[in-house]
Amino acid sequence: MAKAQSSSYFVILALSIAVNLLLVFQFCVDGEWRLTWSKRAAEEAERVAAIPCSGHGTAYLDGLVLDGKEPVCECNSCYEGPDCSEFVTECAANADSGDPYFLQPFWMQHAAQSAVLVAGWHRMGYSYPDGSYISAELEGHIRELHSTVGNAVTQGRYIVFGAGSTQLLNAAVHALSSDNSSNSSSPASVVATIPYYRLYKTQTEFFRSLDYRFEGDTSSFLNISEAGKVIEFVTSPNNPDGKLNKAVLHGPNASAIYDRVYYWPHFTAIPNPADDDLMLFSLSKLTGHAGSRFGWAVIKNESVYQKMTEYMSSSSMGVSRDAQLRALKLINVVLETRGKQIFEFGYHTMRNRWESLSKILSLSNRFSLQKLGPRYCTYFKKIRGPSPAYAWVKCEREEDTDCYEVLKAANITGRSGSIFSAADRYVRLSLIRSQDDFDILIQRLTQLVSEERQQQNHANNFLQLKKPLMSTLRRGLVY
């Protein structure tokens, strides 16, 4: 009886192995896993990605579709036509927005590693199995990323996810203002040092909380011993001028929110790991995926962490699970080479753009750039030159009181200094847009500086001709 049972077990085991081998053979052909339910989606994505758009545009799965068949090319600035092959000669150079298209070529080169196909049943619930709104795997990748790059301390810190750093800005203000330890019953004052990112002001005023109020420039609160709670936005590197700022206000009533979204090796040298009480980062300026709307905060204080978590839960029940999946995939690609590939690509791109711009404007007496010197970078382990995201240009002529309009007349669209609460003699030019945008910007600036030099040469020639004429006139008056 036992022998018969043993034989049955062997038969069942053999059948089981045979069935599994058959299934593996069915799904695996020539060592490649054969696609089943994902095949159609993969083919569709590949087909759209293969649309060339003449190299001056991109087609997207969620873009407009022509005649219900083929996606329409979305053209870069100054290009048009069905395949983006027609250059619009009189169009303005777009140096306004901070869309980080400069990294698009990198991701095209790493299409296979970075692609994500999301199943129709992916994360349909409100939360992860542990009841949270945060992917534990993604949080672990973020901590590893900061440790690898050496730009932020995360050990013993709390992490909160947000829809980009934008959502986290107000979450941080809410947490710090409601954590008001001062005896003052007045709302906390929110400040920033000029020039500062406009969203600090507009967002704080938009939410109109009884707990906080935007009060403008930090300089008005230097004597904070007489003030109540003060919350200072510190952008480092700064938007727009790329400087590594530090908090100005200190003391028991002062708190700082460090906006560190540009604190990556392609935008600045990393002198040391940032160890601020509250720091904000985003996928937008790390990988260039601004449209994914993913950011995170690194927080020391548990009470502030709890309040920010509560804010995120109440306002949106956390960040999209699809966005978290994409962020996980992208950060994993970055970590595969310990950041070497993306940061070297990004740094050399931005460094070359800064040098090209600096070379042109160095020939001008009419325009000047912010001063940024070389610094030692702990990530690259060498002294490296500046590679900022933006050029902070100043119009030097006395009559050029509105630099934005001066450049606009030359077919260059920047962002006015007043948007950063600075003088209108300044204008911000974005260096992180597409290569097409940057090339057109350089063409327009080259033409503008060339016209300035021609005018200066004409003026100098006139003076040279004027000198002997005046000398002759003087001799005639003497005789």
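Predicted model: local features only at pLDDT ≥ 70, side-chain atom pairs only at ≥ 80, totals over all residues.

Student: What handedness does the crossing of helix 6 and helix 9 have?

Tutor: Helix 6 passes helix 9 in a right-handed crossing. Residues are numbered from 1 along each chain as its sequence is written, and side-chain values use heavy atoms, with hydrogens and water left out.

Student: What makes helix 6 and helix 9 oblique to each other?

Tutor: Helix 6 (residues 164–178) and helix 9 (residues 302–316) pack at about 130°, with axes 9 Å apart. Axes are lines fitted to C-alpha atoms, for helices over the stretch in contact, and angles run from 0 to 180 degrees between N-to-C directions. Under 35 degrees counts as roughly parallel, over 145 as roughly antiparallel, 65 to 115 as roughly perpendicular and the rest as oblique. Helix 6 and helix 9 are therefore oblique. The helices themselves are DSSP runs (H or I, at least four residues; strands are E, at least two), numbered from the N terminus.

Student: Which residues of helix 6 and helix 9 meet?

Tutor: Contact means heavy atoms within 4.5 Å. Among the residues that meet are Leu168, Ala171 and Ala175 in helix 6, and Val304, Met308 and Tyr311 in helix 9. By class, this contact of helix 6 with helix 9 has nine nonpolar, six polar and one charged residues. Here Ala, Val, Leu, Ile, Met, Phe, Trp, Tyr, Cys and Pro are nonpolar, Asp, Glu, Lys and Arg are charged, and the others, Gly among them, are polar.

Student: Why is helix 6 called oblique to helix 7?

Tutor: The axes of helix 6 and helix 7 (residues 199–207) come within 10 Å and cross at roughly 55°. That makes helix 6 oblique to helix 7. Thr166, Leu169 and Asn170 of helix 6 make the contact with Leu199, Tyr200, Gln203 and Phe207 of helix 7. By class, the contact of helix 6 with helix 7 has four nonpolar, three polar and no charged residues.

Student: What makes a space a cavity, and what makes it a pocket?

Tutor: On a 1 Å grid over the protein atoms alone, a cavity is a set of points where a 1.4 Å probe fits but cannot get out, while a pocket is an open set with protein on both sides within 12 Å along at least five of seven lines; lining residues have an atom within 4 Å of a point. Points are joined across faces, edges and corners, and a volume is the space filled by probe spheres set on them. By this rule there is one cavity of 30 Å³ or more, and the largest cavity holds about 60 Å³. Its lining includes Pro237, Tyr262 and Phe267.

Student: How much space lies in the largest pocket, and which residues lie nearest its centre?

Tutor: The largest pocket holds about 1900 Å³. Of its 42 lining residues, Ala49, Tyr60, Ala115, His289 and Arg326 lie nearest its centre. Helix 2 gives the largest share of that lining, seven residues.

Student: Which peptide bond at Pro237 is cis?

Tutor: The one from Ser236 to Pro237, with omega near 0°. Pro237 sits in the loop between strand 13 (230–235) and strand 14 (254–259).

Technical notes:
Left-handed = near helix turned anticlockwise from the far one by under 90°.
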